[in-house]
Amino acid sequence: MKRLRLKRHWYDDERTIGELYCGSEWVSYTMEPGKFDVDHPRVPADFYLLERHGWEENTRLRFKRTWALVGRGVSHQPEPDIKRFGCVIHGGSRDEHTDGCVLLGMSIGRSRDEPSVGGYEEAMIRLQNFIGDADALLLIEG
């Protein structure tokens with residue numbers, strides 16, 4: 001099973017910027033909600049299982065061929081006593097695309113005068129090339 005590491009570098013009230021690695025190889029930049037986001041807070045630093053999400057043929061899920069975080073109060077699907085579910089790694093570039101998820105991108109820049117990540121299509125392809133169509137383990141640091 002592949003092991004990934006998300007190293008968070010910077011955050012403010014609205015967003016968190018980091019980098020994703022597979023082993024020692026850099027995969028992409030990441031953007032998540034800020035540390036104190038009230039509506040969709042970022043997931044706590046910890047170990048997570050990344051379960052395949054939207055890989056089924058003819059899936060109706062919004063995000064296809066990606067991975068959902070499972071662990072520490074986060075679940076793939078709704079479950080009793082779990083407050084958060086459907087937190088996935090997916091493409092997107094701005095705060096309004098996260099909803100508590102982890103966005104991937106090949107660059108960090110600005111969009112609408114706010115920090116953003118760019119090149120998310122390439123970042124998702126890179127992640128799929130590193131992991132394949134399997135589950136993986138993710139360590140979030142910071």
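In what sense do E1 and strand E2 (residues 15-22) pair, and over how many bridges?

Modeller: E1 and E2 pair in the antiparallel sense, over seven bridges. Before we go on, this is a predicted model, where local features need pLDDT of at least 70, side-chain atom pairs count only at pLDDT 80 or more, and totals for chains, interfaces and linings use all residues. Residues are numbered from 1 along each chain as its sequence is written, and side-chain values use heavy atoms, with hydrogens and water left out.

The names come from DSSP runs, numbered from the N terminus: helices are H or I runs of at least four residues, strands are E runs of at least two. Two strands pair if DSSP finds at least two bridges between them.

Back to your strands. A hairpin of three residues links E1 to E2, and Trp-10 has Ile-17 in E2 as its bridge partner. Arg-15 sits in E2. Is Arg-15 buried or exposed? With a relative accessible area of 4%, Arg-15 is buried; buried means under 20%, exposed over 50% and partly exposed in between, using a 1.4 Å probe and protein chains only. The side chains of Arg-15 and Glu-14 make a polar contact of 2.9 Å. That term means a pair of N or O atoms within 3.5 Å; within protein, one must be able to donate a hydrogen and the other to accept it, and residues adjacent in sequence count only if both atoms are side-chain atoms.

E1 (residues 2-11) has another partner to look at: six bridges join E1 to E12, and these two run parallel. Leu-4 is opposite Leu-138 in E12, and Lys-7 has Glu-141 there as its bridge partner. E12 also pairs with strand E4 (residues 47-53), this time antiparallel over four bridges, with Tyr-48 bridged to Leu-138. So what do the faces of E12 (residues 136-141) look like? Ala-136, Leu-138 and Ile-140 make up the covered face, while Leu-137, Leu-139 and Glu-141 are on the uncovered one.

Leu-138 turns up again in the largest nonpolar core, which has 24 residues. Along with Leu-4, Leu-69 and Leu-127, Leu-138 is among those with the most contacts inside this core. Such a core is a set of buried Ala, Val, Leu, Ile, Met, Phe, Trp, Tyr and Cys residues joined through side-chain atoms within 4.5 Å. Elements giving two or more residues to this core include E1, E2, E4 and E12, but the largest share, five residues, comes from H1.

Let's finish with that helix. The buried residues of H1 are Ala-123, Met-124, Leu-127, Phe-130 and Ile-131. They cover an arc of only 125 degrees around the axis, which puts them on the same side of H1; the arc is that of the directions from the helix axis to the C-beta atoms. Why can that happen in a helix? An α-helix has 3.6 residues a turn, so residues three or four places apart point the same way. H1 has twelve residues (120-131) and should span 16 Å at 1.5 Å a residue, which agrees with its end C-alpha atoms being 16 Å apart. The expected span is 1.5 Å times one less than the number of residues. Just after H1, Gly-132 takes a positive phi of about 80 degrees.
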